[in-house]
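Subject: Structure for you to look through

Dear colleague,

I am passing on the structure we talked about, together with some notes on what was found in it. Please open it beside this message, so that you can look up each part as you read.

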Amino acid sequence: MATTAVLFDLDDTLFDHWACTRAALAELRERFAVLGRVPAAIVEAEHRRLLEELHLQVLAGQLTVDDARVERFRRLLAFAGDDADADAAAAADAAAAYRAAYLGHWRPVEGARELLAALHGRVPTGIVTNNVASEQRQKISACGFGPLLDAVVISEEAGVTKPDPRIFGLALDRLGRPVGETVMIGDAWDTDIAGARAAGIRPIWFNRFGAASPDRRVTEIRSLVPLSSVLSVLFPSPESRAPSPESP
């Protein structure tokens with residue numbers, strides 16, 4: 001089936017959340033001695049766990065983004081040291097320092113802008129993302145993605161989150177393309193890949209860090225560069241699938 005529309009996740013698919021987070025945590029470890037005494041990889045892993053846990057509460061409306069951020073760093077400081085290092089003032093200070101550093105390192109994933117530019121005018125493209133709308137729209141704007149997109153569906157505005165098929169249905173409605181001709185590229189298996197499959201959309205797993213695949217039947221890519229390689233996955237040439245003619 002031909003590909004006539006392409007959907008993308010945002011964080012760690014088009015926007016390089018991982019690189020921004022890693023750079024911000026490195027600055028934080030220099031500023032807060034209790035974090036600096038813990039190996040960087042352990043700090044990063046615990047921060048990722050806390051972020052994912054508290055992000056679910058934000059999406060559910062149980063915490064504001066600002067409150068969740070302060071709580072994340074209160075727990076991270078407590079994890080690295082003891083409760084004395086995790087009082088409200090220290091947590092707020094760490095949250096503010098992290099936020100400033102994180103914003104300062106905003107960037108697209110390598111090849112993301114070039115891929116969107118190559119698709120622009122060829123097929124409709126859109127983003128389906130879970131987060132608060134203001135944050136996601138700022139990322140899209142900062143990375144220059146806006147003019148290259150035909151639809152942006154954000155969970156806060158949609159009232160439903162990935163992997164619920166309904167959020168993908170909203171994107172399809174806005175793009176005006178049939179489900180069977182649409183591809184979804186995303187890095188998160190449980191939300192992007194499982195959600196796309198539930199919606200009947202062909203998924204492509206952006207397996208940037210070489211994780212083990214839960215299902216080898218799902219096409220995967222490891223990078224958005226070179227551009228030609230990604231385009232060949234999205235638009236496989238019929239000639240490339242045909243048997244070679246016999247030599248005369």
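Predicted model: local features only at pLDDT ≥ 70, side-chain atom pairs only at ≥ 80, totals over all residues.

Of the 248 residues in the chain, 46% are buried. If you consider the contacts with a separation of 6 or more, 65% of them are between residues 24 or more positions apart.

The largest nonpolar core has 52 residues, and the members that touch the most others are Phe8, Leu119, Phe145, Ile185 and Leu234. Helix H5, which covers residues 88-104, gives the most to this core, with seven residues. There is also a second, separate core of 15 residues, and among its members are Ile167, Phe168, Ala171 and Leu172.

Next comes the helix pair. Two packed helices are described by the angle between their axes and by the distance between those axes. Helix H4, residues 65-80, packs with H5 at an angle of about 110 degrees, and the two axes are 8 Å apart. Because angles of 65 to 115 degrees count as roughly perpendicular, H4 is described as roughly perpendicular to H5. The crossing of these two helices is right-handed. On the H4 side the contact is made by Arg69, Val70, Arg72, Phe73, Arg74 and Leu77, while H5 brings Ala90, Ala91, Ala92, Ala94, Ala95, Tyr98 and Arg99. Sorted by class, the contact of H4 with H5 has nine nonpolar and four charged residues, and no polar ones.

The last point concerns Glu135, which is found in helix H7, residues 133-142. Is Glu135 buried or exposed? Its relative accessibility is 10%, and because buried means under 20%, Glu135 counts as buried. Not counting residues up to four places away in sequence, Glu135 touches Arg99, Tyr102 and Trp106. Arg99 was also listed above, as one of the H5 residues that make the contact with H4.

Best wishes

Methods:
Residues numbered from 1 in each chain as written. Heavy atoms only, no water. Core = buried A, V, L, I, M, F, W, Y, C linked by side-chain atoms within 4.5 Å. Buried < 20%, exposed > 50% of the residue type's maximum accessible area, 1.4 Å probe, protein only. Helix = DSSP H or I, 4+ residues; strand = E, 2+ residues; numbered from the N terminus. Axes fitted to C-alpha atoms, helices over the stretch in contact; angles between N-to-C directions. Parallel < 35°, antiparallel > 145°, perpendicular 65-115°, else oblique. Left-handed = near helix turned anticlockwise from the far one by under 90°. Contact = heavy atoms within 4.5 Å. Nonpolar A, V, L, I, M, F, W, Y, C, P; charged D, E, K, R; others polar.
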